[in-house]
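The sequence and structure come first.

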Amino acid sequence: MKYLVTDSRDIRYNLALETYLMEHANLDEPILYFYINSPCIILGRYQDAYEEINQDYVKKHNIIITRRTSGGGAVYDDLGNVSFSFITKDDGDSIGNFRKFTDPVIEALHKLGATDAKMAGRNDLQIKSKKFSGNAMKTEKGRMFSHGTLMYDVDLDVIGKALNVPADKIASKGIKSVHSRVTNLKPYFKPEYQDLTIEEFRDTLAKTILGVDDLSDAKEYALDEQTKKAVEQLNQSIFSNWDWIYGKSPKAAIQHRQHFAQGTVDFRITLENGRIKDLKTYGDFFGQKAIDEFEQKLIGVRYDEEAIKDALKDIQISDFFGKIPENAILELLLRQE
């Protein structure tokens, strides 16, 4: 396994680098990629920025906003967080198997003293029922990454102020606030690991996962100038692009939202003359195909069960919404309120 650390603290550039590596790097062996970000919010691919973010707060505090290409929910990062990414070939059995990529991380955390750290739910890492890591995946053309966050010493007070977490999502987990659900790892570490800088935490973690005593013994993935230029171009065209981050949300006549065990789905539907004129889909579900393909299938279709089922008969709904049952997606789409 090769190893890469970026000196950038800009989440937009760091995500662009990850995407570029997945699409273009030589993946004869996996790449373990670490990055640290200045204060930022990273939206899941299908989330509505206006509903997930406290716009006034993030503007006042200069918090960077971007959107990743993978699914899942919004997360807040700052300089007390380390993000990791395993970039590799898609062997056909890894998508959805978060444990394959998080088990080495959990093992490393146990050695640092956080012995209660474990996988919980579909994609979270928790300690004593509190989340310290969210994980997501992306696959394309036989290549993939699985990435996640590690809250070492994040400013927890900011999370509840910067993120507007929907009430249905909070209620579904049986808790009363965002703050009560998250924790930092630092207090759970052995005393000798509680005063690490964020870079020292990253490097200690990396050495444990890679099985080396010194990172100079690890196989480094080097970036040439051509790659750096291409990454910056990708950053500007996608991850720093307003349209990618915010998009154009129609003023929907109908909104149907529901939280399932496998993720939240939020349909915004504009109707005209009994037909679907516009459809936007938000949420933190894990589909592997772009949701706009699903949406386009329904533009111009009559808003009734028979017509919608007929329009979708030649696609696999699970390709777009993961493990959420097909009948549940159709019922939500057609819900009458």
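## Basis and overall fold

Helices (H or I, at least four residues) and strands (E, at least two) are DSSP runs, numbered from the N terminus. By that count the protein has 13 helices and 14 strands. Its radius of gyration, taken over C-alpha atoms, is 20 Å, close to the 20 Å from the globule rule (2.2 Å times the number of residues to the power 0.38) for 337 residues, so the protein is as compact as a globular protein of that length. The C-alpha trace spans about 65 × 45 × 40 Å along its principal axes.

The model is predicted: local features need pLDDT of at least 70 and side-chain atom pairs count only at pLDDT 80 or more, while totals for chains, interfaces and linings use all residues. Residues are numbered from 1 along each chain as its sequence is written, and side-chain values use heavy atoms, with hydrogens and water left out.

## Burial and contacts

Buried means under 20% relative accessible area, exposed over 50%, and partly exposed in between (1.4 Å probe, protein chains only). Of the 337 residues in the protein, 52% are buried. A contact means heavy atoms within 4.5 Å. Among contacts with a separation of 6 or more, 70% join residues 24 or more positions apart.

## Two nonpolar cores

A nonpolar core is a set of buried Ala, Val, Leu, Ile, Met, Phe, Trp, Tyr and Cys residues joined through side-chain atoms within 4.5 Å. The largest has 57 residues, and Leu-109 and Phe-201 have the most contacts inside it. Helix H4 (residues 98-112) gives the most to this core, with 7 residues. A second, separate core has 29 residues, including Leu-279, Leu-298, Leu-312 and Leu-330.

Leu-330 is also one of the buried residues of helix H13 (residues 326-333), along with Ala-328, Ile-329, Leu-332 and Leu-333. The cover over the buried residues of H13 includes strands E12 (254-260), E13 (263-272) and E14 (275-283) as well as helices H10 (291-298), H11 (305-311) and H12 (318-321).

## Helices H4 and H7

The axes of H4 and helix H7 (residues 198-210) come within 9 Å and cross at roughly 115°. Axes here are lines fitted to C-alpha atoms, for helices over the stretch in contact, with angles from 0 to 180 degrees between N-to-C directions.

On the H4 side, Pro-104, Val-105, Ala-108, Leu-109, Lys-111 and Leu-112 meet Phe-201, Thr-204, Leu-205, Thr-208 and Ile-209 of H7. By class, this contact has 8 nonpolar, 2 polar and 1 charged residues, where Ala, Val, Leu, Ile, Met, Phe, Trp, Tyr, Cys and Pro count as nonpolar, Asp, Glu, Lys and Arg as charged, and the others, Gly among them, as polar. Not counting residues up to four places away in sequence, Leu-109 touches Phe-201 and Leu-205, and also Ala-114, Ala-117, Phe-132, Leu-150, Leu-185 and Phe-189.

## Single residues

Most residues other than glycine have a negative phi. Lys-128, in the loop between strands E8 (124-127) and E9 (130-140), has a positive phi near 55°. Lys-128 is exposed, with a relative accessible area of 54%. Lys-141, in the loop between E9 and strand E10 (143-151), also has a positive phi, of about 50°, and is exposed at 77% relative accessibility.

Thr-270 lies in strand E13 and is buried, at 17% relative accessibility. The C-alpha atoms of Thr-270 and Ala-253 are separated by 5.2 Å, although the two are 17 residues apart along the chain.
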